[in-house]
Every structure is written in C-alpha cells, then in structure tokens.
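This report is written for a reader who is meeting the structure for the first time. It begins with the contact between two chains and then turns to the make-up of one of them.

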Amino acid sequence: MKRSMNYLAALIFSVSFLSGPTVAAYADDGSERGYTYNYDYWGDVQYSPDAYSTVDVYTATDLGLNKGFNAPSGLYVQGDDVYICDTGNNRIVQLKRENKNAFKQIRVIDEIKGDVEVRTFLKPTDICVTKDGYLYICDKGNNRILKLDQDLNFVMMFQKPDNVVFDQSAEFLPNKLEVDAAGRVYCIADNINKGMIKYDADGTFTGFYGASQVTYNFSDYIWKKYATKAQRAAMESFVPTEYDNIYMDAEGFIFACTTNVSDKGMDTGSDVPIRRLNLMGQNILIQNGNYRVMGDLYWGLGGGYKGPSLITDITALDHGIYFAIDKVRGRIFGYDKQGHMLYAFGGNGNINGSFKLPSAIDHMENDLLVLDSQDASLTVFTPTEFGNLIYQAITEYDAGDYKASGKTWEKVKVQNGNYDLAYVGIGTSLMSQEKYKEAMKYFELKWDTRNYSKAFKQYRKEWVEEHIGLLFTGVILLFVLPALIERGKKIKYQIDTAEIFKE
Amino acid sequence: MTANRYVSTLKYSLYVITHPLDGFWDLTHEKRGSLAAANTIVLLTLLARIMSLQYTNFQFMQVYREGINIFVYIASILFPLVLFCVGNWGLTTLFDGKGKLSQICMGAGYALAPYPLIRFPMIILSNLITVEEGAFYNFALVFMMGWIAVLMICAMMEIHEYTMTKTILFMIASVFAMLVMIFILLLFFSMISQGISYFVSIVKEIMFRM
C-alpha cells in the first residue's frame, strides 16, 4: 500500500512537473497576480482577470540618465517619443520607445536657444508637443509658457494676460497645458478658478474656458444671507473648482479633471471629477453606466487611505476609451465612451505595477505610461489577452460589426463570467441579429432595463404578429361568444314566450 | 361558521372597497364580515407582495436577492399592521371609540383588499409592457396605495363612529402609540437578555468555584 502511494506521489509530481510550463503561461496573463476589479449592477466589487500587465518600471538609471528624477510631474507622448518633465531638476527628458521593453534616451532639454532673456527652465511642470514638432512648455517658475521649435529655438512665449478679467495681483503660475490643432493653447494655472486660460496661436489671451458651474445648496445660500460679514468670510465661498489636469483626445475635445472634490459632493454627484468639454466649455461626458464616472464607489478607511478617489490625470485612447488615475489609492480606472467602467487596477505599494504618488498618465497605442513623482519612475502597462479582447469587441462594435463584436464578447465572458459589459455586448449583438428572445435573456442577467425594453418591444411585436390568429380567437371566445350566446338565449326566450307559438 | 358564510363574507370585501362608508358600517354593525375573511385578505396581501418580488419583471422591480430574508419581509408587513391595530385600539378605547379589537383587525384587513386585487394583475402586466409604457403600471400602484389609505380612514371612522378629523387625529396618534410599543418591546427584550445573561454568569461563576 505504501509502495503504491509512493508511485502515486511520483506520478502526480511528474505530471505536475510536465504540465508546469503551461500553468506558468496561464499565470502569466496576470489573472492570479493583479488586483483588477469592476462594479456590478448592485455596486458590488467583482474581481476580474488583469486587463493590463506591467511591462516594466523605469527609473532614471534604467533610462541612462546621470541624475535621478526629482518630483517629475508632466508626461507627454507623441508617436514613439516620450517627454518627461523632471520638475525638480529643471529639465525635460526626451525618450524614444525602441521596442516593447526598451526606451532610448534622445536628449535632455535643460537649455534653450534664441532671442530670450532666461534660457533655462525653473520648475517646468508640463509639456505638449504638436504634430508639426513644436514644443510647448509650462515653465512655471519663470511664469511663462514657452513655444520652441524642434531644435529648441525660442519661437514665442505666452505670459500673464494683461486683460482686466485676469486678476493682475495674482502670480501667473502655468501648471498644465494642451495645444489644439490650430495652435490655441489651453492652460491651467495655479490659483485661477475661472477656468482654463485660453490663448490664440499668436499669444493673445482670449478668455477663460470651461469654468465649472458653481454649485451650492439652498441651506448654505440661506445661511449666507443672514450671516455677518466675518462669518461669511469664514465660510467656504461658492467658487468654480480649479482643474488639476487636462488632456486633449483624438477628436479634439478636452478632458479635464479636478481633485477639488468633497466626500459629500461625490456622494450626491454635485462634484464632477472628470469632464469632457466641448468648444463652448460645456461638459459633454456621457455617463450611461450604472454609476457615475467618479473612480471608486466606496472609500472606507481602509489601509490608511480615506476620502474619494482624487483624479490627477486622464488619458484617452484613440477609440474613446479613457483612463483616469487616482493619486490617493494609486488606481487606474478605465471607462468606455458611454461611461461604463471597464476595469480598475493598480494600487499603492512597492511592487511593479503599484505606485507611491502617481502624477501623470499617458498612452502609446493601447499601452499605458504612468509617471510616479514620489517613486521617480515611469511604469509601462500593456493590455493582456483579456484587455485586448475587450478593446477588440468595442472596436468591432464601433465599426458596426455587431456579429463579430458579439463573438468577441463571448470570448471575454469565457475569461470573466462576472463581466457585465460582456453580457450586455452579447445581448446587443443578438438584438442586431434580431434574436430578441436570447438578447432579452442576456440583458435580464445583467439588469440592463433599457436594452431589455428595446428587445422586448421587438419580441412582443413579433409574437403578436405570429399569434394574431390565436389572439383573435381569444378575443372572440372571451367577448363575442358570450354576447352571441346571450343573444341566442334572448331569441329563444322570445320565441318561447311569443304569442303566436302559444297553444 | 359555515363555508357558505365564509365565502359570502369574503365576497363582501368587494362591496366594502367600492362602498367604503356604507360597507364598513355594515361590516361590524350588521355582522356581514368575518375575521376569517379578513385574515384571508391579509394572507393574500402577503402572498401578492412576495410573489411580486419573484415574478414582477425586472424592468419595474430590481430585487437584490442576496439581501432578501423572506421572514423579515413578511414581518415587515405583519408587524406594523398588528402594532397599528393594537395601538389604535388602546387609544380609541380611552376616547370613546366604539370598536373592539377584533373589529379593528377586521376593518384593517378588509381595507387591504385592493392590494391583492391590483398587485396580482400588475405582476402579469409588468411582464407584458416595456419601461416606456411603465407609467400605467406605476399609476396603478400609486392608485392602489391611495385607495388603501382612504379605505383605512373610512374603516376606522365607521368602526369607532368618529368624525373625519377625529379619525385622522387618532390615526396619527396611533403611529406614536406604535413607536411607544416598539420602544417598550426593545426595552423588554434587552432586559430579558440582560437578566438571562446575569443568571448565566452566576451559574458559570459557581461552576468555576466548584
């Protein structure tokens, strides 16, 4: 008996050894390592396979720099080039991504050429590079925005607006910027709460843009009415929120995010941490998900963190999926165009793929680059098979290939049976193929009343058309037949009681 | 009581809900209602409520099934109903209400009759309409609650032979009576558990010493 047990143990050992490589390959897609989750209809956390896996974490030494990063805060990707604003070291580092795993240092920009007094940077916080090669740099310490050409020659600069709408006593501290296709500059400056500062291509200040609507509740308003001047001064004033970061997506709309949110405001929805602004500066972010676009839904006092997610940066992929990064818990939230949360991942910590204080996020194709200002490093994520399937399904759906999209969502469902969007995706695909009954089943599983209603309407129409005969028979049996019988009885009674038939 | 009388008293509920003033007067004074029928209506109400959880289309009612405890759910209707009857009786007997406890229970039971009558068809209807057509469904449910409220007031008015204002006043007072009763019940149960734990700890102490 003991002998046979030994054999068995040996057999199990050898089998597990042989199947080892496949197990390892399976584990490598990240399904067992990461901390990826989503919220279901009820707001319950549903753990998910990893949608992104960490490629690597790059420090300044890895990138061949002589000096380590010091509080880097700005990140910009143009093509294969990555620009990092190394704020603490007053320099900008340009890198090129040579292949999936390697970056090459192109140049370190710490001095500019041309007809300008100050030729160095002081605390540069953000950079934007246009397609035609111009560099726009937020030189915060020198109170200016620089426009340079490819060879770092000074072209022009944007300074503090000398307009009356701009508070002249305030110092001009440009923090983040974006440049649109026409060369207009949108800038977020510290201590300016009127919105973004907008310049024309020639450097003239054209006004503020995208100030958030001032919100206040009625009781606060009443209190203020009857408060003394000193009390009023002590109270929070109703001012628009300052933005923290800005991103221009592929369609030219501006994503803006703010960390000036309160627990209460996030709960009630009066604080909007993520906005997508149109030309008029109105928020056109679509929020069709079960929950608002706000990062984490719950923020218990876990692990020493408190308060809602504070979104410090946003990046949007070319097909409309956008990512927001939370500096409190170091999590990255992915949303689709409709505002459904795709997944949340990341976290604070020391292992690869975790952060200390993330300050900026950008993307290269579908890969994500995250700059950590405290850890002074750049983390690169690439989609896993699961993540890629989701992208594929969404892209196919957007292209109108609903059938293929349904098939891809099926594959997503195989990888994650708790993924609500997969069910809704399959349902939508079935609906487009006029298989309403099956579609209804999928929508019902994930509580999608809106789509269910649509499918059901069609299904009911079909059903009525098919069973029109049955329905008519039913109506006849229910109403017409009793009436006829009643009538017959009446006639019979009349005949029975008629004078002429009486003997 | 014969089966015949049971059926006729149950049928009488249909008259009561359409002619509340006349109906509730005859219910007690002419003895045209029975407690058995009232209990049946309450049971049907419970059944309708539980069945609506399961069979209403999810477009109109999203049930977090993990969080449902059927006994708590049943108690959430029965407990307030019983408390109301007792509280109302306790108050009205002090202020020349003519109703007996059994009559109040009967009246409250009969007043619930629209609930199963409307709820059951609505369960079926919810499976035949879409969200856009949901206005009818919602209206029916609101109408039902309003109807029950009117019936409840009429029932109390006729049973106690009160005026309208006095009835409404005492219904509000009954709510406070309910709160007082809940408070006393909580006190009672916590005292009992304290008392028990006292003796348990004495016994434990003795066991240690032995």
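## Where the two chains meet

Two residues are in contact if their C-beta atoms, placed from the backbone, lie within 7 Å. The model shown here is a predicted one, and in it eight residues of chain A are in contact with seven residues of chain B. On the side of chain A that touches chain B, the most is given by helix H10 of chain A, residues 449-466, which supplies five residues. Sorted by class, that side of chain A has four nonpolar residues, together with two polar and two charged ones.

## The overall form of chain B

Chain B contains eight helices and zero strands, and its pattern, when read along the sequence, is α-α-α-α-α-α-α-α. Its radius of gyration is 21 Å, well over the 17 Å that the globule rule gives for 210 residues, so chain B is more spread out than a compact globule. Taken along the principal axes, the box filled by the C-alpha atoms of chain B is roughly 70 × 50 × 40 Å.

Of the 210 residues in chain B, 27% are buried. When the contacts in chain B between residues at least 6 apart in sequence are considered, 77% of them join residues that are at least 24 apart.

## Helix H1 of chain B and one of its residues

Helix H1 of chain B covers residues 3-18, and B:Val7 lies within it. Is B:Val7 buried or exposed? A residue is counted as exposed if 12 or fewer other C-beta atoms lie within 10 Å of its own, and B:Val7, with 11 C-beta neighbours inside 10 Å, is therefore exposed. The C-alpha atom of B:Val7 is separated by 7.9 Å from that of B:Ala37, although these two residues are 30 residues apart along the chain.

## How the helices H1 and H2 of chain B meet

The axis of H1(B) comes within 6 Å of the axis of helix H2 of chain B, which spans residues 20-29, and the two axes cross at roughly 140 degrees. Because angles over 145 degrees count as roughly antiparallel and 65 to 115 as roughly perpendicular, H1(B) and H2(B) are oblique to each other. On the H1(B) side the contact is made by B:Tyr15, B:Val16 and B:Ile17, while H2(B) brings B:Pro20, B:Gly23, B:Phe24 and B:Leu27. The residues of this contact between H1(B) and H2(B) divide into six nonpolar and one polar, with no charged residue among them.

Conventions. Residues numbered from 1 in each chain as written. Chains lettered and ligands numbered in written order. Predicted model: local features only at pLDDT ≥ 70, side-chain atom pairs only at ≥ 80, totals over all residues. Helix = DSSP H or I, 4+ residues; strand = E, 2+ residues; numbered from the N terminus. Rg over C-alpha atoms; globule rule 2.2 N^0.38 Å. Buried ≥ 20, exposed ≤ 12 C-beta atoms within 10 Å, placed from the backbone. Nonpolar A, V, L, I, M, F, W, Y, C, P; charged D, E, K, R; others polar. Axes fitted to C-alpha atoms, helices over the stretch in contact; angles between N-to-C directions. Parallel < 35°, antiparallel > 145°, perpendicular 65-115°, else oblique.
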